[in-house]
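Good morning, colleagues. Please have the sequence and the model open while I speak.

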Amino acid sequence: MNNSLLVVVIAQGIAYGTPLLYAALGELLAERSGVLNLGVEGMMLVGAVMGFWAVQRFHVTSPLALVGAIAVAALAGAAMAAIHAFLVITLRANQIVSGLALTIFAGVAGLSSYLGNDLNLARSPARHQFQAIFPKSWQDINAVGPILFGQSALVYASWVCVVLVALYLTRTRVGLNLRAVGESPAAADAMGIDVAGYRYAHTLVGGAFAGIGGATFSLSITPQWLAGLTQGAGWIAIALVIFAFWRPTLCLVGAYFFGAFTYLPFALQKYSWAPPPELAQSLPYVMTVLALVLVSSRAARLRFGAPSALGQPYVREER
Amino acid sequence: MRIERRLAQPRWLMLVVPLLSLVVAFVVATVILLATHHPPLHSFRRLFDAAFLANGALTETVVSATPLAFTGLAAAVAFRMNLFNIGAEGQLYAGAITGATMGLLLGGAPSPVTIAVMILAGSAGGALLAAIPGVLRAFFSTNEIITSLMLNYVMALVIDYLIFDSHSYLRETKGFNASVFPQGKQLPDAATWSSWTIHGLVLPLGFLVAIGVAVGLWFLYSRTRFGFEVQVIGDSARAGRYAGMRTRRKILAVMLLSGAVAGLGGASQDGDFRHQLDPRGLTQANYGYTGIVVAALARYNPFAVVVVAFLLGGLQNAGYTLQGADFPNGLVGVLQGLILFCVLGGELFVRYRIRFERRPSTAAPATQ
């Protein structure tokens, strides 16, 4: 039962969806403040490489090293996001071009590979990695075992994050202010909210989440450093925010859906009737396109649309 | 300190600010190199040497610049309309596939015919792929950034499938080598694009075609009604619609044009340089993404794209030449990103002026 295709794909879909979920939550926070950050792929890769570096260098017990590595990855992601934030909030640069620049700067052919090479991280397995935290007997329960109890701490932490972000956006004063900044910065400004401050803070937090998402690859899924190991996950995360209608709980559903499609090619390998691996591997990308088309109908956009000020700089004198 | 909009943008600033931005980018790169224990001056000199000065370096730089000119033009065409086609990477693969297919099919035809058909096929291939995000954007308002980008990954898998995982028409299946290491079928001699040598500098046909395309695009955007309408829709789609312009058609047309230019770059890869469908070479070069940097640095001006493509081609070429030795891997992308950041940030100083003035000692009363 626990080895059946369905259970394996669901359980692994949750594992493979977790980096998407972290990155999407971060991007959601940034976009809710009105900052579109297309640099997610780059921030994830830098988070992945720095998190992996930390775990190789910290000579402490395993849980401590892993927590430290996640902190380092979050800081690295936030540092990358700070570049974008400075350019688009203070210097009023075009958000789309600046985000693309961040992906080029930090991405496969940029800083992440530079660091991975320079710190000599390739071709060695992680010294510590995130593993299932529940006892073996729990994991052997039919169906529920592998899906609910076979996951690493990062998965359970991501569930807490989803709940926290959802409550933050709907139940706290600061979260409501944030939404005001994203919908109508001029009105928020008139209310006395520090628009630039909110945008900086949430872009940085978004970067930190992306960094953690990257570290999920290098410390749990792969778990080693390979140049470009995210393979477009950052872009899928951006799409995920769109078809989750900027809502954290829907991000969770979407992330696991795409996680399952990412894992499917590996699961199918052992079957003789499997399609060519390239076909299965292209599924997450094709599904992203299809899902985007589905949610871009006029009715859906009017009802659950993007934050109104998304992508627009706010300048008090020019509103 | 106050930032206020300039009423007039002085011409000298438009030259000085980008140059200063370049200087800042290299200063930041110096800091990164120092922090990671690389000698910065040595690295930069080797970079410059390998890009422009060494024997045959210019020829190699043109080889790298040719695809960048195509992908840069492809991005510039679309970005001008605020249509963010970042699928030039995949569209270039598509053009390479269709171009190589036609080159192989026309085995015995005379060379000029083969070359012309390859150019057409490459453009058609790129345009066909770009039609997907184009149609989705025009008729379903689907975000073209994500859809065009997702297709890059799909096309990379398609090209892998054609050469590594199937017995396709494009794959070499005969010979000992072919069974050990899968590779593309060699194109016939008639499919080799001509090149001209001037004082030791080899100019491939593709580079000249790119210059021709740049001239054509400049004419299209500054001298025709189509170009004017595209600019208006780019600035304000609503204004365009009220003026009776057919917005959807324009979106689709610009997307097809952009894809065709990128696909042409793919055909040029087959005909000018690789002479087979070369999956590893194409997918590792990042031509499409670098093309975005080229277009943004050139401020979407087609002539500037060719010049910037040459400069960044030098950088990319140096990256290949120096790779492996003591030259830091990934430095090329870091430099490209830094230059783009600095030029983007620098634009503030062209559009705005910064005034330093002392704050009044008491809060001014709110009189209006």
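This is a predicted model: local features need pLDDT of at least 70, side-chain atom pairs count only at pLDDT 80 or more; totals for chains, interfaces and linings use all residues.

Residues are numbered from 1 along each chain as its sequence is written, with chains lettered from A and ligands numbered from 1 in the order in which they are written.

Chain B contains 15 helices and 4 strands, which are DSSP runs (helices H or I, at least four residues; strands E, at least two) numbered from the N terminus. Of its 368 residues, 51% count as buried, that is, with 20 or more other C-beta atoms, placed from the backbone, within 10 Å of their own.

Turning to the interface, 39 residues of chain B are in contact with 39 residues of chain A, contact meaning C-beta atoms, placed from the backbone, within 7 Å. Helix 15 of chain B gives the most to its side, with 13 residues.

The largest nonpolar core has 213 residues; such a core is a set of buried Ala, Val, Leu, Ile, Met, Phe, Trp, Tyr and Cys residues joined through C-beta atoms within 7 Å. Ala24(A), Leu240(A), Leu73(B) and Val305(B) touch the most other members, and helix 3 (residues 62-90) of chain A gives the most to this core, with 16 residues. A second, separate core of 6 residues includes Leu178(A) and Tyr198(A).

Note on methods. Two residues are in contact if their C-beta atoms, placed from the backbone, lie within 7 Å. A residue is buried if 20 or more other C-beta atoms lie within 10 Å of its own, exposed if 12 or fewer, and partly exposed in between; C-beta atoms are placed from the backbone.
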